[in-house]
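Hi,

Here is the structure I promised to pass on. Have a look at it first, and then read my notes below.

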Amino acid sequence: MPTPEKVIFEYSHAGRGASDQWPHDPGTAALADLPAKLRRGHAPELPEVGELEVVRHFTRLSQLNFSIDTHFYPLGSCTMKYNPKACNQYAMLPQFLARHPLAPESHGQGFLACMYELQEMLKGVTGMQGVALSPMAGAHGEFAGVAMIRAYHRARGDLKRNEIIVPEAAHGTNPATATMCGCVVREIPVNSSGDVDLAALKAAVGPNTAGIMLTNPSTLGVFERGIEEVARVVHEAGGLLYYDGANLNAILGKVRPGDMGFDCLHMNLHKTFSTPHGGGGPGAGAVGVAARLMPFLPIPIVGWSGERYRWLAESDLPQSIGRVSAFMGNAGVLLRAYIYMRLLGHDGMRAVGEYATLNANYLLKRLQSAGFEAAYPERRASHEFIVTLKRQARELNVTAMDFAKRLLDLGFHAPTTYFPLLVPECLLIEPTETESKDVLDAFVAAMSQIQQEAQQEPERVRSAPHTMPVRRLNDVRAARHLDLTWTPTTQR
Amino acid sequence: MSNVPADLKYTKSHEWVRTLADGTVEIGITDHAQHALGDLVFVEVPEAGRVVKQDEPCAVVESVKAASDVYAPLAGEITAGNPKLADVPETINSDPYGEGWLMRMRPAAGAVAAAELLSAADYQNVLAAEGG
Amino acid sequence: MAFIPHTEADVAAMLAAIGARGIEDLFEEIPKSLRASTLAGVPPALNEMEIGRLMSERAAQDGTPLSFIGAGAYEHHIPAAVWAIATRGEFYSAYTPYQAEASQGTLQLIYEFQTMIARLTGMEVANASMYDGASATAEAALMAVRANRRSKSARILVPATLHPHYRRVAVAMASNQGLRFEELPYCTVEGVTLPASLGKYAGEDVTALLIQQPNFFGRLEDVDALTDWAHERGILVIAVVNPTSLALLKPPGEWGSRGADIAVGEGQPLGVPLSSGGPYFGIMTTRMEYVRQMPGRIVGRTLDAAGREGFTLTLQAREQHIRRAKATSNICTNQGLAVTAATIYLSLMGRLGLERTAAAAHARTRELVTALTRTPGVRLAFSGPCFHEAVLLLDRPVAPVLKALAARGILGGLDLAPYYPELGAALLVCATETKTAADLERYRASLSEAMQAARAA
């Protein structure tokens, strides 16, 4: 087990610093015009360390992480596929990095060409008429999507429509987004085979329905078989369909959300289009719309004048829901998605959906053969599937959490645990298309080993992990005794 | 199997109500609720003097896995919030019906009847139906 | 096929294990009518050599003009170590640290980041970041409505000197929840919000007051007077700040007699490249008493089962994945990689380096203003101190002048006509420590030529 790494402040020594990084001192006269009452009285207490100390500290911290570059990371609904190095290298060409967001279009035709072509390719894979790139994360894209739906109804004078229907298995961002848009959430149940309960849906729609938010394949890892009927019911009631693109990897190149009847969607470029997860971000949540929602797209959007690329903004889209980003969104992330899509090309997109689904179905079958219980055994897996450990919890008092922690010891990042809430003691497993059969087989072997340990020495599993930099962390203590910033006195 | 004292009244949303000698009522969350939430890390109680309607959210109980609203089982005026819970929220886990009381209130006229509170037996049925 | 490792033998073995004849069988649950036959608009694949060439050509097409634009995104020197470390695979390709034991690197880094940001702003607690400064401002307004129990109006006072895009994002993101943003006028001579303009709100129910420092024009607002005015009336103060400037300027935690209640800002100046506008990160800080109203992720330090220190995400019960419809926000992310870069940047620059950077940027802007106002037809718009940005007034429309400069490889600044037409021909210019005396002279000379040519035309 690696030795713990101190907090950077503990390396500070007064007077130390990476002085070759500092600009030359302009002298105190340069600041004479700043009024004393607006000046900082004492310098901020930032670390005073040398460059090598900084490099060692953060390099060592990085080595405490699991990552796709080092470990299989089958997190359901997160699509942890390989992040190609080429995407990073070419997105970080110096001219792209140096370009100011407010630089004129004349000095950005190269960059704007990439953005325009990205918009076009995203329309192509989703079957949508319009795409906007500025939302900076999936949840941000969801916000824009539901805001557009509201704007659409308002523009038609249909002010009563403020209800958003959400399946009970939905990810928490969906109802949270509806609330952020000033809507009311109506939850509908999912039936025992994992599809939306159509009878409940028909009872839930009406003159107050703004729309429905769906993921397809759903958060249960199965395709919503009745989607065409769902679309018909909601549209007939006057509502619109919103597609949560979190699971787009399952159907990329095989099915387009526009063809399923969706009016509006967001994509998670950091999932399906392999931009880096970066320890929690930055993502990009581009949105796509059918023709009737195009006037409401968030600005700015890249347009083509026939001769040059230009920004379309407030005067071009007077009914736009407005700006959701200070500038044009996460440009560097968008460049990486562009490069990725060009590397995949037409056939490569289709291969993503095919091989993601092949890997998931293979892994599901192997785990079932090893004695694990699938939540929906009669259904095909999409790009992910759910295994329930409720039997192990009941009979052996070993939970999904315990399995997840023991997997870390065996060199695998755990799958998503306890989501969706509908299935008790669940693991939501998504291998992605970039993993080889060998890796999947090794994962099955690890799960089998843990199952055996659960039967023979359960305490080993319950007290896992054992080989990580820390043992299981006390999150109750973390929330009761909030220690959110370092102070010298909190040193132990 | 959770503890359901026979001498208290209950709501479907897992609050309990105890009538005190001076006509005020004491309110908290049940053993079932504290068990479902897990170790409590933070509790917010209403201030004395606040007037609440029946079913109005008036307190919050937070664990690491959930943050739940607590709904006023009946209408009235809050006379006290339990001051202990700010520092020791886990009191609700260890003693949900005693030291872990959330708030006390003076019910409005007719509020108790209007509330249609459940007996201990009825609340047991609610728990059985929920599978707890 | 790019990034797919399967051989034909692998596929055959896998299909046999599944009991399917072909991969298409696996899609049998999907109605045939929905299957896409072809994807319009998606060209054939390029290999890495080809895409590398294409991107290099496009980058070369854009070039690297000499830029004097600020307006919310600032060019600063970024030490080589920052992105060399931030793009290490263990940071770059790691996920959100939900499995804390496998993410101690990211979690400890965020804890250090929170600490640095809290110290820089003089506030008690910081979160792990928001998307950018504009969305952080919108979220701060929503947070103020939750936190200010005394106020019921959800009215937010917004100075016209707050970045125009930030004002628009706040409206786009928060007005659906009933917030009303009311604009405070500014003085066109001084370029700041006058405390007198607050007079009409004296007896009104107002929830929060936003104050940007330095403001969009680079001018310095009277933050103490504005803060105390608000606090005397039970109005929460939301500060919008530039983190580099905080090395020299009084931090929001010390504004007025009680300090700001929430402080947000754009973190891009801290080691994040301009990159056409993103990815950046939003700073968000507040008092401990409001920490449960603050959206976004927060990392806390705790102990593990063996009594050793470790780090974990905490206060997650406020977040969307647990609280759902009642969440403080729908935000799911923090700008992880940008935050990683900023933490390394702040560690390398340290207290002295950040101070020097701020001082050099301030000095360079003053020198730029001095140089440019020597040109006939160019004068300074506002009297009074500013920090690392300034507004110039020209004696002719700005747009053609900027075009002439651009033709010479210089981006002269931001034309304010679309945002503040009442100022006339106004240009927002910025110079940071990245500019040399030769750069300033080149701008001055080119501007002089451009103005002369325009005069002659």
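Taken over C-alpha atoms, the centres of domain 1 and domain 2 of chain A are 31 Å apart. Domain 1 of chain A covers residues 86-343, while domain 2 of chain A runs over 352-477. Where they touch, domain 1 of chain A puts in 18 residues and domain 2 of chain A also puts in 18 residues. On the domain 1 side of that contact in chain A, you'll find nine nonpolar, seven polar and two charged residues. Keep in mind that this is a predicted model.

Next, the core. The largest nonpolar core holds 356 residues, and Tyr242(A), Ile339(A), Ala141(C) and Ile238(C) have the most contacts inside it. Helix α10 of chain A (residues 331-369) is the biggest giver here, with 22 residues in this core. If you want to zoom in on Tyr242(A), its contacts beyond four places in sequence include Gly145(A), Val146(A), Ile149(A), Phe262(A) and Leu265(A).

Now for chain B. It has four helices and nine strands, and along the sequence they come in the order β-β-β-α-β-β-β-β-β-α-β-α-α. The radius of gyration of chain B is 14 Å, close to the 14 Å that the globule rule gives for 132 residues, so chain B is as compact as a globular protein of that length. Its C-alpha trace spans about 35 × 35 × 25 Å along the principal axes. Of the 132 residues in chain B, 44% count as buried. And if you take the chain B contacts between residues at least 6 apart in sequence, 65% of them join residues at least 24 apart.

Cheers

Note on methods:
Residues are numbered from 1 along each chain as its sequence is written. Chains are lettered from A and ligands numbered from 1 in the order in which they are written. This is a predicted model: local features need pLDDT of at least 70, side-chain atom pairs count only at pLDDT 80 or more; totals for chains, interfaces and linings use all residues. Helices (H or I, at least four residues) and strands (E, at least two) are DSSP runs, numbered from the N terminus. The radius of gyration is taken over C-alpha atoms; the globule rule is 2.2 Å times the number of residues to the power 0.38. A residue is buried if 20 or more other C-beta atoms lie within 10 Å of its own, exposed if 12 or fewer, and partly exposed in between; C-beta atoms are placed from the backbone. Two residues are in contact if their C-beta atoms, placed from the backbone, lie within 7 Å. A nonpolar core is a set of buried Ala, Val, Leu, Ile, Met, Phe, Trp, Tyr and Cys residues joined through C-beta atoms within 7 Å. Domain bounds come from an automatic or database domain assignment. Ala, Val, Leu, Ile, Met, Phe, Trp, Tyr, Cys and Pro count as nonpolar, Asp, Glu, Lys and Arg as charged, and the others, Gly among them, as polar.
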